[in-house]
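I'd like to walk you through one structure, so let me put it on the screen.

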Amino acid sequence: MIYTLSVTFGLVGLVYGSVQWSVPVMAFSVICGLALDYGVFLMTRIHEFRKRGFEHNASIVKGVYKTGSVITSAGIIMFIAFGGLLLSESRSLNQFGLLLCFSVLLDTFIIRCLLVPAMLTIIGPRV
């Protein structure tokens, strides 16, 4: 979640130069909520496979396989919904829309599909 926030806030700063003070404040809660939702969904599924007796790495693979399509579909839907904010003439809504669109794509396709399984594999069955 920290990686997502850092990258997206940096991107908005690069694109717009200055960011209105309320945009990061509002976006923080939405980004945290989405990231936690996707994370809990994925980790719950991995935990269920561990309880069924699968090995650590097998439960990670099965968990990502079972939740991948749902997380990806939800991320694409949220991207489209937040993309509507980019059509606004208001600078703050444009910044808010860019923050949310990029963070949803980053969290959906990079964090949940690549980084979380990689970190869980490195940490091992202690999780």
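Predicted model: local features only at pLDDT ≥ 70, side-chain atom pairs only at ≥ 80, totals over all residues.

We've got four helices and zero strands, and reading along the sequence you get α-α-α-α. The chain has 127 residues, and 35% of them count as buried. If you look at contacts with a separation of 6 or more, 70% come from residues 24 or more positions apart.

Now, the core. The largest one has 22 residues, and Ala27, Phe82 and Leu100 are the ones with the most contacts inside it. Who supplies it? At least two residues come from each of α1 (2-16), α2 (22-51), α3 (56-83) and α4 (91-123). The biggest giver is α4, with nine residues.

Let's zoom in on Phe82. Leaving out residues up to four places away in sequence, Phe82 touches Val30, Leu34, Gly97, Leu100, Cys101 and Val104.

Phe82 is also one of the buried residues of α3, and that list includes quite a few glycines: Gly63, Gly68, Gly75 and Gly83 are among them. What do the buried residues of α3 pack against? That would be α2 and α4.

How long is α3, end to end? It has 28 residues and reaches 38 Å from first C-alpha to last, close to the 40 Å expected at 1.5 Å a residue. Still, there's a kink of about 45° in α3, centred on Thr67, and Thr67 is buried too.

Next, the pairing of α3 with α4. Their axes are 9 Å apart and the packing angle is about 175°. Anything over 145 counts as roughly antiparallel, so that's what α3 is relative to α4. On the α3 side the meeting residues include His56, Ile60, Ile71, Phe79 and Phe82, while the α4 side has, among others, Leu100, Val104, Phe109, Arg112 and Pro117.

Last stop, α4 itself. This helix bends by about 50° at Ile111. After α4 comes Gly124, which has a positive phi, near 90°.

Definitions and conventions:
Residues numbered from 1 in each chain as written. Heavy atoms only, no water. Core = buried A, V, L, I, M, F, W, Y, C linked by side-chain atoms within 4.5 Å. Buried < 20%, exposed > 50% of the residue type's maximum accessible area, 1.4 Å probe, protein only. Contact = heavy atoms within 4.5 Å. Expected span 1.5 Å × (residues − 1). Bend = angle between axes of the 7 residues up to and from the residue. Axes fitted to C-alpha atoms, helices over the stretch in contact; angles between N-to-C directions. Parallel < 35°, antiparallel > 145°, perpendicular 65-115°, else oblique.
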